[in-house]
Structures are given as C-alpha cells and as structure tokens.
Amino acid sequence: MDGSVRLDEVVMRFGDFTAIEKTSLAIGSGEFFSFLGPSGCGKTTLLNIVSGFITPSEGQVYIGDEPMAGVPVNRRPTAMIFQNLALFPLMTVFENIEFGLEVRGVDKRKRREVSERLLALVALEDSGPKMVTELSGGQKQRVAIARALAVEPRVLLLDEPLSALDLKLRQHMRTELKAIQRKTDITFIYITHDQGEALNMSDRVAVMSAGRIQQVADPMTLYREPATGFVASFVGENNRLQTRVIDREGERVRLDGGALGELAGRVGSEARLVNGEAAMLFVRPENLRPVAADAAGPRLEAEIEAVHFEGAWVMLEARLIASGEKLRVQLGHEVSRGQAGAVAVGQRMHFGFEPADAVVLSDDGSPMVDEETGEVVADSQAQAGGMHV
Amino acid sequence: MFRQLQARFGGPLAMAIVTLLGIWLIVMVTLPQLQMIEYSLKPNLLPAQVGGPDDRLTLANYATLFNNDIHRTIFFKTIWSSVLVTLLTLAVSYPLAWYLAKVATPRQAALCILLLIIPFWINEILRTYSWFIILAFRGPLNEVLMMLGLIDRPIRFLSGNGGVMVGMVYAYILFMVFPVYNAIESLDDNQVRAARDLGAGTVRTHRRIVIPHAKPGIATGCIMTFMLAAGSYAVPALLGSPGSRWFTQIIYNWFFEGGNWNQGAAYAFLLLVLCIGFMSLVMKIFKVGLGDIGR
C-alpha cells in the first residue's frame, strides 16, 4: 500500500490571487507530515488539492505514483478529518463510522466488525450505539478519526482537527494521533497553525507563508537551523536584530549591530552573506542570559518592562536601551537559584549569548511575525527603516 | 405573551393588541367555523320552517357524501391528485432549492429568487389563465412542439388531469421551494464534503445526508402544498375539464348553485377534517412537530 504523495509544480490561482505559488514536494509513504503556517498562507488550499476538493490551476498531484488529475474526491485513496469534524449528527457513532463502508457496499456484519475494531483503537468501545451529539469534544474527535480510518485510506488528511479542543485534551490527543499513526502506518498530512502540534507530532514539517513553502525539515532542524527569517520568527520564539555583516570566519560571522555595537553569530544553513550587506541575527529568548556589564562577547543592555512567572521559567519583556527594540529573555535555571526573583520592572540588565546559539540569515525581506498571534505584522523593510540611522 | 408585550409596548397598547387578536381569532375565525358546523348539522329548510318541528340536529348531510358514488369518487380523487401534486412539486422544487442554497453564488440565487417571485405579483386567476392560454389546443405550447417536430398533431393538455397538475405545481411551487431551501441552507457544507470524501456519490449524499437534514423543511412544504392543492378552487375551475373535477367545485356548487348551504358546510367540514388528518399523518411519518413548521 503506497501512500506516498507527490506535488509536481502545483500552482493554485483564484482569479488574480495566487493562493499557491509553484510548489513541488514529495511526502513519503507512512510519514507524519505537517504543513505549518499562519492563517491565509495556503495550507488548507494545498490540503484540498490533495483531497480533490479543488483542482489545481497547474501541476499534478500523485498519490502512490498514480496521477490524480480527473479522479474525483469520492474515488481518491484519501480521507479527510475536517476542522469542525463534520460528523453526521443524525446518525449514531456506528453509522458514522460505517458510512464509508456502506457506500462501498460492504455487508452489515463486516461493517460492524470494522467499526468495533476501530472503536477499540480509539478507546471508545461502548459508544457505538450512541448518537454523536451525545459525545464530548474529545470523543467526537476520536469518532472522526475512526470514521476516516474505516475507508482504509492510504493518506489521511487532517485539517486543524484539534483546534476546537481545550489545551489539556489537545495535548493528550497529540500523543494519541501519533500513536494511531504509528499503529496504522498510514501517511498523515496534518495542517496546523500551532507550531507546538507540528513540532511535537511530525516526522517532517513544511513551513508555509504567503502561498510559498519556506522550508521543509524535521522539527529539530527547523528549530535549530531555520532557512529563512520567516521560519526563524514563526517557529519558536526569536529575537530578531537588524545588522550588517563585517566579516566572516568559518561558521562565525562578525556583525555590526549599529547602535547595539559589535555582535556575532553562526551562519545559517542557506544564508548568502556579503560583507557590508544587511543581515538578520536571531537569538532565542532561552539563549540569552544575564551577564556582568563588562563581560566579553556580544552583549545587549535592556530595561525590563515586564516579568512573567511561568513556573518552570520566567519570561522577561525588555527594551533595548540603544535601539528601543523589544527583547524577550527566558530565564530557566536561574529561577531555582533565586536570581530571577531579584529581577524587577524598570531595572537595567545586560544579556549575553553564545555566538554559536545565534543564527545569522541574509535579509530576505521576510515578514515579521507576531509572537502571540502568529500573524504577520509588517515586512522587515518597513521595520528596518527605522533602525538603521 | 401578554407580559412580553407589556414590557415592550406598555400596558394600554399591549391590552389593545391582545384584544384585537382576540376579536380576530374569535369573531373572524372561530365563530364562522362554528356557524358552519352548526349549518352542516341541520337540514336545508325553507325560512318558514326554521324553528319548526323539522329544525333538529342530524347527520344526514354527512351521509350524503357516503351515499353519492360520484361525490365520493371525486372526494378521493381530489385527495389522491393533491398527493400527486405535492410529490410533483417536491420533485421540481428540491433540485431548485438545492441549487439556490448550495450551488448558486449569492447573486445568482438572488436573481433566481426574484424571477420566482415576480409572477406572484400577479393575481392567481390571471396566472392560471395564462396557463390556460399556453396549454390550449391551438396554444403556443402545441405550436412550439409541432414546430420542433416532436408531435404531428396538437395534444389536448386541458382535457385530463394534466392541465390541473401543471397549474397547481406552478401555483404552489414557492410554498415548497422556500421551506426546503431554508432547511438545506442550514446544512453545514462540510457534511456534504465529508460524505463525498468518504466515497459517496451524488445520489447517496442526498439520500443519506441532505434529505434527512432537510426533512422538517420538506414536510412543511408538503403539508402546505397539499392543503392548498386540496382546497384549491381557481385552478381546477379554469384548467380542469369535466373529467378532472375537484371536490372544492362540488362544495361551491352546493353553496352557490344548489343553494344548499347546509350540505355545502358538511362537505367543507369533511374536507377540513381530512386535510388535518393527512397533515398529522405526514408529521408523524416524518417525525416533525408543529414547532418545526412554524419556523
């Protein structure tokens, strides 16, 4: 059963608007693959192209090497789990799960066998005769999974299925989804704007922005080696500093931070750096630590504006004295040592970082992403304008 | 209800509204009906005999229907034909309602609804007459069919039940389209997509997902169409032939040609009872409550 999916130069246009720029991508059979991006980035359109609800303007989709052009939704070897689940409210749990089999003309006894096996898989053994409207959110979620699995798809498409659940349940369902994927060995294509979900469950993640795939990589690489400024700021939290390249020595780059003084970082994997040209330096909040005012190495002075105690760590919101930009700092171990307790709003502190932990990327003009909402706030050109005087 | 009205309009105005409503319901609806029932239970007497020894309650007027073969046949034929009209109207309206609710763009839907409504700005009699012209032996429909070579001599559309059927489907289509449209429109598009995604074709998607969801709307449309069809006078009178007489025509004849109001009232009351019976039956079959129809 080959559940590989291949997009070959797929383009999707709606009138004048290009929802998907030319995209080619291969997803392996049995892979848990996620598309991650802010709303409106084209990830749902891509999912609809694979499922067959939308016909691409150009290009071809292959599932298990078979071209899907002209194959209607109801004949594709895919099954979709909808964002609102779209369970059939007038049917029982059994009838919901067996719907796809009923369509295929499977006899009643066989259907019941399959649905009972699937209900056991999703741990809902006794719920078969219930109406779906009687179930809780998490139970409905499981029924939706069972209903999709019942038709034995080669590819399961999941359109933000966890977004309606509360936090605890969402985290629990992540674990279950991953376990189900491993047990069934079906290709999962998962759409989400929640990076936690994508990083947590996926074998590989494609980060999308404005109809374009920015980077395809395993979660660890995505986090440590972002290929573009968008990925760096969208995946995990990042402080972004606008700089110019002074020179480069192997992996290490010396940077001119303008008013921030001389900074340094490690060359990002796909960065094309030219001496004297603009570059972006990304330092994650957890890689910053308080240092003495006269410490060696790159150093940032900032005034603390807010202190958020999060239990295991403390998040500091600060503003750089030299440039007025925001800086987020996460203090972990210091909490247990009691240092963080001493940090007060209005206090000025120096923060240092290891150049090896800070990634330098060429300034690609990628948009800035709001850390809280994941939405694009402004493009970097506009942002950079005020910083280089 | 009074309290809500009072909160909104104040005491005196609320009182006035309730009074008017009461007068309307009692004086204009209930009392005339009761009067008809009383008529139906009394023999048809000369004015001089009223209050005399013959003026007593009797079921004779009701018995007439069961003793008159022709009337009884027409009675049941009216019911059966109304059922047929209802089914035909549903068959025409369902695809239209589906198109309006789920396929058409908002502009197309608005245009389509406008086109559906415009003819209803014209009086029902005139609309029915226009069908009389269209379906006439030497009318435009026959002309067109002959011109296209589909038939070689005109068809007498108006001689059988055909004309009445066409006229009624046309007359009551809106009463079917709108409730069905409303019901289908409230269906989540993802339900249909999910069914397609799980492999269902068009027919099964409608049979298992759309129709069950739209059931209250379908039942409402069917009940309204049936009631209107069974109680219709203008359409069968204008488009019908002697072979397609409607029960309402017989009632009319009792009242205005036979001058026997008592007999007419009994017939009218029987038709009312039958319609209510049919309505309850349909509601029971479709498991729809009165509240669903009010929506």
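Colleague: Which residues are buried in H1(A)?

Modeller: The model is a predicted one, in which local features need pLDDT of at least 70 and side-chain atom pairs count only at pLDDT 80 or more, while totals for chains, interfaces and linings use all residues. Residues are numbered from 1 along each chain as its sequence is written, and chains are lettered from A and ligands numbered from 1 in the order in which they are written. A residue is called buried if 20 or more other C-beta atoms, placed from the backbone, lie within 10 Å of its own, exposed if 12 or fewer do, and partly exposed in between. In H1(A) the buried residues are A:Lys43, A:Thr45, A:Leu46, A:Leu47, A:Asn48, A:Ile49, A:Val50 and A:Ser51. Helix H1 of chain A spans residues 43-51 and is mostly covered, with eight of its nine residues buried. After H1(A) comes A:Gly52, whose phi is positive, near 100°.

Colleague: How many helices and strands are there in chain A?

Modeller: Helices (H or I, at least four residues) and strands (E, at least two) are DSSP runs, numbered from the N terminus. Chain A has 10 helices and 22 strands, and its C-alpha atoms fill a box of roughly 80 × 50 × 35 Å along the principal axes. Of the 389 residues in chain A, 41% are buried. Two residues are in contact if their C-beta atoms, placed from the backbone, lie within 7 Å; among contacts in chain A between residues at least 6 apart in sequence, 65% join residues at least 24 apart.

Colleague: Is A:Gly59 buried, exposed or partly exposed, and why?

Modeller: A:Gly59 is partly exposed, because 17 other C-beta atoms lie within 10 Å. This glycine, A:Gly59, lies in strand E4 of chain A, residues 58-63. Leaving aside residues up to four places away in sequence, A:Gly59 touches A:Leu7, A:Asp8, A:Glu9, A:Val10 and A:Val11. From A:Gly59 to A:Ser24 the C-alpha to C-alpha distance is 8.8 Å, although 35 residues separate the two in sequence.

Colleague: At what angle do the axes of H2(A) and H3(A) cross?

Modeller: Two packed helices are described by the angle between their axes and the distance between the axes. Here the axes are lines fitted to C-alpha atoms, for helices over the stretch in contact, and angles run from 0 to 180 degrees between N-to-C directions. The axes of H2(A) and helix H3 of chain A (residues 108-121) come within 9 Å and cross at roughly 125°. Angles under 35 degrees count as roughly parallel, over 145 as roughly antiparallel, 65 to 115 as roughly perpendicular and the rest as oblique, and H2(A) and H3(A) are therefore oblique to each other. A crossing is left-handed if the near helix is turned anticlockwise from the far one by less than a right angle, and right-handed if clockwise; that of H2(A) and H3(A) is right-handed. From H2(A), A:Phe94, A:Ile97, A:Glu98, A:Leu101 and A:Glu102 meet A:Arg111, A:Val114, A:Ser115 and A:Leu118 of H3(A).

Colleague: Which residues of H1(B) and H2(B) meet?

Modeller: In H1(B), B:Phe2, B:Leu5, B:Gln6 and B:Phe9 meet B:Gly11, B:Leu13, B:Ala14, B:Ile17 and B:Val18 in H2(B). The axes of helix H1 (residues 2-9) and helix H2 (residues 11-40) of chain B come within 7 Å and cross at roughly 135°, and the crossing is right-handed.

Colleague: How many helices and strands does chain B have?

Modeller: Chain B has 14 helices and zero strands, and its C-alpha trace spans about 75 × 70 × 35 Å along the principal axes. Of the 295 residues of chain B, 29% count as buried. The end C-alpha atoms of residues 79-101 of chain B lie 31 Å apart, and this span is 100% helix and 0% strand.

Colleague: How many residues of chain A are in contact with chain B?

Modeller: There are 16 residues of chain A in contact with 15 residues of chain B. On the side of chain A that touches chain B, strand E6 (78-81) and helix H2 (93-103) of chain A each supply at least two residues, and H2(A) gives the most, with three residues.
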